[in-house]
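Here's a walk through one chain, written for someone who likes the cut-offs spelled out. Have the coordinates open while you read.

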Amino acid sequence: MGQKSLSHSSRSDKPIFIAFVANLGFSILEFIFGLLFNSAAILADSIHDFGDALAIGLSYYFEKVSGRDSDGDYTLGYLRFSLLGAMLTSTILIVGSSLVLWENVPKVFHPETVNSRGMFWLAIIAIMVNLLASRVLDSDHSEQESVLSLHFLEDILGWLAVLLVSVILQFTNWYFLDPLLSVGIAIFILSKALPKFIRNLTVFLEKRPASLNLTELEAQLLSLDGLETINQFNVWSIDGRHHIAMLHIQCAKGTNELAVRDAVHHLLIDHNIIESAVECDSSLLEHNHHCPKA
């Protein structure tokens with residue numbers, strides 16, 4: 001029987017478009033002015049914002065693709081496209097941040113002159129733009145807009161650091177603060193991107209879902225009436241949130257095998273296992289389960 005992939009909750013195009021355009025456009029401006037002002041911190045933040053723009057754009061595109069129904073080519077649906085978008089974004093952020101570290105760690109010890117006045121005014125503009133964007137996104141009070149609004153507030157904190165450094169540099173020659181701040185930004189990005197990449201990689205390699213306690217789940221299965229033993233239990237994740245399982249079980253003699261299988265399927269779906277195949281006594285019965293639409 002054909003399966004429909006899990007439908008995702010609808011989201012407003014307006015906040016996604018605002019977040020994408022704001023991050024992409026401003027990352028380009030940051031890169032240009034970072035070169036003009038010779039500011040490593042601004043260049044590092046341009047990579048941060050460019051990565052964020054890609055994350056928003058790719059996430060939006062692949063989330064739409066992942067919501068398609070299963071077909072003859074992708075019989076389990078398109079949910080893994082969401083995972084693909086996350087891995088691509090993490091890879092771009094990791095490579096970009098690593099290049100920033102390679103370029104700017106030496107500059108901490110051998111700093112170059114920076115246009116602190118230009119940094120100051122660009123930081124003021126950036127803070128105003130991010131404040132405006134966060135207020136626009138927060139106006140509809142949706143969950144998606146709240147997340148994006150927090151993202152812009154995070155950017156504001158970064159620009160406040162740039163503003164502080166630019167003020168200090170106007171009264172001192174502590175130019176090492178600029179590459180030092182860029183190193184801090186790069187390390188912050190890596191601290192976020194690396195764990196996400198590793199987590200998504202384990203999902204891609206079909207490791208046991210981290211949120212699933214197999215020992216506890218097996219104990220719950222064995223407590224079901226009529227189920228004697230579990231001979232085989234394979235479980236993996238499609239996208240880190242929705243899982244698939246294959247089981248071979250032994251039912252007690254005289255029990256209703258259909259009732260046992262049905263109880264197994266219902267227990268599995270309680271653990272976000274949306275697709276399962278249960279084999280008992282050399283017979284195979286497949287049930288498709290879908291989470292209810294949001």
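What follows goes from the overall layout to the cores, the aromatic pairs, the helices and a few loop residues.

First, the ground rules. This is a predicted model, so keep in mind that local features need pLDDT of at least 70 and side-chain atom pairs count only at pLDDT 80 or more, while totals for chains, interfaces and linings use all residues. Residues are numbered from 1 along each chain as its sequence is written, and side-chain values use heavy atoms, with hydrogens and water left out.

**Layout**

The chain has eight helices and four strands; these are DSSP runs numbered from the N terminus, with helices being H or I of at least four residues and strands E of at least two. Along the sequence the pattern reads α-α-α-α-α-α-α-β-β-α-β-β. Of the 294 residues, 42% count as buried, where buried means under 20% relative accessible area, exposed means over 50%, and partly exposed is in between (1.4 Å probe, protein chains only). Take the contacts (heavy atoms within 4.5 Å) between residues at least 6 apart in sequence: 69% of them join residues at least 24 apart.

**Cores**

In soluble globular proteins, nonpolar side chains tend to be buried together. A nonpolar core here is a set of buried Ala, Val, Leu, Ile, Met, Phe, Trp, Tyr and Cys residues joined through side-chain atoms within 4.5 Å. The largest one has 30 residues, and Ile42, Met119, Leu122, Trp159, Val162, Val165 and Leu181 have the most contacts inside it. Two or more residues come from each of H1, H2 (40-66), H3, H4 (116-138), H5 and H6 (177-204), with H6 giving the most, at eight residues. Zooming in on Val165, you'll find that it touches Met119, Leu177, Asp178 and Leu181, if residues up to four places away in sequence are not counted. There's also a second, separate core of 17 residues, and its members include Ala245, Cys251, Val260 and Val264.

**Aromatic pairs**

A pair of aromatic rings is described by the distance of the centres and the angle of the planes. Rings of Phe, Tyr and Trp (its six-membered ring) pair if their centres lie within 6.5 Å; planes under 30 degrees apart count as stacked, over 60 as edge-to-face and the rest as tilted.

| Pair | Centre distance | Plane angle | Class |
|---|---|---|---|
| Phe26 and Trp159 | 6.0 Å | 85 degrees | edge-to-face |
| Phe33 and Phe37 | 5.5 Å | 35 degrees | tilted |

Phe26 in H1 (residues 13-37) and Trp159 in H5 (residues 143-171) are 133 residues apart, so that pair links distant parts of the chain. Phe26 is buried at 11% relative accessibility, and Trp159 is buried at 0%. Phe33 and Phe37 sit four residues apart in H1, so about one helical turn separates them. Phe33 is partly exposed at 30%, whereas Phe37 is buried at 13%.

**Helix geometry**

The expected span of a helix is 1.5 Å times one less than its number of residues. For the 30 residues of H3 (residues 80-109) that should be 44 Å, and the end C-alpha atoms are 45 Å apart, which agrees. H3 does have a kink of about 30 degrees at Glu103, shortly before Pro106; the bend is the angle between axes fitted to the seven residues ending there and the seven starting there. H6, with 28 residues, should span 40 Å, and its end C-alpha atoms are 40 Å apart.

**Loops and polar contacts**

Most residues other than glycine have a negative phi, and most peptide bonds are trans. Which way does the phi of Asn38 go, positive or negative? The phi of Asn38 is positive, near 60 degrees. Asn38 lies in the loop between H1 and H2 and is partly exposed at 32%. Asn272 also has a positive phi, about 65 degrees; it is in the loop between H8 (257-269) and S3 and is partly exposed at 38%.

His271 is in the loop between H8 and S3. Its side chain makes a polar contact with that of Gln220 at 3.1 Å. A polar contact is a pair of N or O atoms within 3.5 Å; within protein, one must be able to donate a hydrogen and the other to accept it, and residues adjacent in sequence count only if both atoms are side-chain atoms. Over in S3 (residues 273-280) is Ser276, buried at 1%, with a side-chain polar contact to the side chain of His265 at 2.6 Å.
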